[in-house]
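Good morning, and thank you for joining. Please look at the structure as I speak.

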Amino acid sequence: MVTQKNSLPFWSQFKKIHDDSSIAEEDKMQYLLQFVEPHSKAERLVLSFPATAANYSKAIEQLREWLGRDDLLVQIYVRDLLWLVMKNAVKGRSKTDLTYLYEELEGKLRALESLGRTQEKYRDFLIPLVESCLPEETLLAWERSRNHESTQNTRSLEHLMNFLRKEVQGEEMVQLARTGFLDLNIISERTMLPLNV
């Protein structure tokens with residue numbers, strides 16, 4: 001379904017058809033109708049134009065105007081970050097799935113960056129948001145790592161995300177170590193034959 005939130009991947013896929021000069025505009029209109037979700041606002045918008053070559057560019061213009069509102073997209077991604085903060089506050093900053101949290105944060109930050117909201121320019125509000133999403137245990141580890149760093153730029157968003165990536169990798173190694181021995185125990189129990197003495 002085409003929404004403001006997924007308009008970036010939608011347009012990057014459909015742009016291949018849009019830019020292909022060998023495809024007639026009436027065919028592009030048909031492709032556009034196939035791309036949009038049935039019974040969605042995007043479909044209603046495209047169907048408001050008769051499916052002709054002359055209307056293709058008008059339909060695209062209207063669709064891009066509706067989907068391409070960067071100000072709205074920024075608000076959506078910032079609200080998603082705030083939702084992660086609130087979710088953490090409700091849980092009482094208890095242990096969360098750090099891998100899931102890291103992937104969510106990384107995706108939203110990449111989306112903001114693709115909209116021109118670079119980490120350097122918006123770090124003053126992004127760093128506190130990301131820190132507020134973290135479980136207490138991870139936030140304490142982050143603060144300890146910053147205290148031990150000798151570099152001046154330990155408050156950068158890039159540094160924080162690198163720290164989180166390493167924490168996730170560490171958790172994955174711990175999980176592998178724990179489950180690896182469990183798997184070995186199961187295998188050895190199945191393969192060991194009882195000794196008749």
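This is a predicted model, in which local features need pLDDT of at least 70 and side-chain atom pairs count only at pLDDT 80 or more, while totals for chains, interfaces and linings use all residues. Residues are numbered from 1 along each chain as its sequence is written, and side-chain values use heavy atoms, with hydrogens and water left out.

Let me start with the chain as a whole. Its secondary structure comes to 9 helices and 0 strands; helices (H or I, at least four residues) and strands (E, at least two) are DSSP runs, numbered from the N terminus. Along the sequence the pattern reads α-α-α-α-α-α-α-α-α. Of the 197 residues in the protein chain, 34% are buried. Buried here means under 20% relative accessible area, exposed means over 50%, and partly exposed lies in between, with a 1.4 Å probe and protein chains only. As for contacts, meaning heavy atoms within 4.5 Å, consider those in the protein chain with a separation of 6 or more: residues 24 or more positions apart account for 67% of them.

I turn now to helix packing. The axes of helix H2 (residues 25–35) and helix H4 (residues 53–67) come within 7 Å and cross at roughly 45°. Axes are lines fitted to C-alpha atoms, for helices over the stretch in contact, and angles run from 0 to 180 degrees between N-to-C directions. H2 and H4 are therefore oblique to each other, given that angles under 35 degrees count as roughly parallel, over 145 as roughly antiparallel, 65 to 115 as roughly perpendicular and the rest as oblique. Their crossing is left-handed, a term used if the near helix is turned anticlockwise from the far one by less than a right angle, with right-handed used if clockwise. On the H2 side, the contact is made by Glu25, Glu26, Lys28, Met29 and Leu32. H4 contributes Ala53, Asn55, Tyr56, Ser57, Ala59, Ile60 and Leu63. The residues of this contact of H2 with H4 divide into 7 nonpolar, 2 polar and 3 charged. In this classification Ala, Val, Leu, Ile, Met, Phe, Trp, Tyr, Cys and Pro count as nonpolar, Asp, Glu, Lys and Arg as charged, and the others, Gly among them, as polar.

From H5, the residues Val74, Tyr77, Val78, Asp80, Leu81, Leu84 and Lys87 take part. They meet Tyr100, Leu101, Glu104, Leu105, Lys108, Leu109, Ala111 and Leu112 in H6. By class, the contact of H5 with H6 has 11 nonpolar, no polar and 4 charged residues.

Which residues are linked in a network of salt bridges? They are Asp80, Glu104 and Lys108. A salt bridge is a side-chain nitrogen of Lys or Arg within 4 Å of a carboxyl oxygen of Asp or Glu. Between Asp80 and Lys108, the closest N and O atoms are 3.8 Å apart. This pair links distant parts of the chain, with Asp80 in helix H5 (residues 70–90) and Lys108 in helix H6 (residues 98–114), 28 residues apart. Asp80 is buried, at 16% relative accessibility, and Lys108 is buried as well, at 10%. Glu104 meets Lys108 in a salt bridge at 3.0 Å, N to O. Those two are 4 residues apart in helix H6, so about one helical turn separates them. Glu104 is partly exposed, at 23% relative accessibility.

The whole structure holds 5 salt bridges. Another of them joins Lys15 to Asp19, with the closest N and O atoms 2.6 Å apart. Because Lys15 and Asp19 are 4 residues apart in helix H1 (residues 7–19), about one helical turn lies between them. Lys15 is partly exposed at 36% relative accessibility, and Asp19 is partly exposed at 46%.

I close with two individual residues. Leu134 lies in the loop between helix H7 (119–133) and helix H8 (136–148). Is Leu134 buried or exposed? Leu134 is buried, with a relative accessible area of 0%. Leu134 and Leu101 are 33 residues apart in sequence and 8.1 Å apart in space, C-alpha to C-alpha. Met86, in helix H5, is exposed, with a relative accessible area of 55%. Met86 and Ser132 lie 46 residues apart in sequence and 8.7 Å apart in space, C-alpha to C-alpha.
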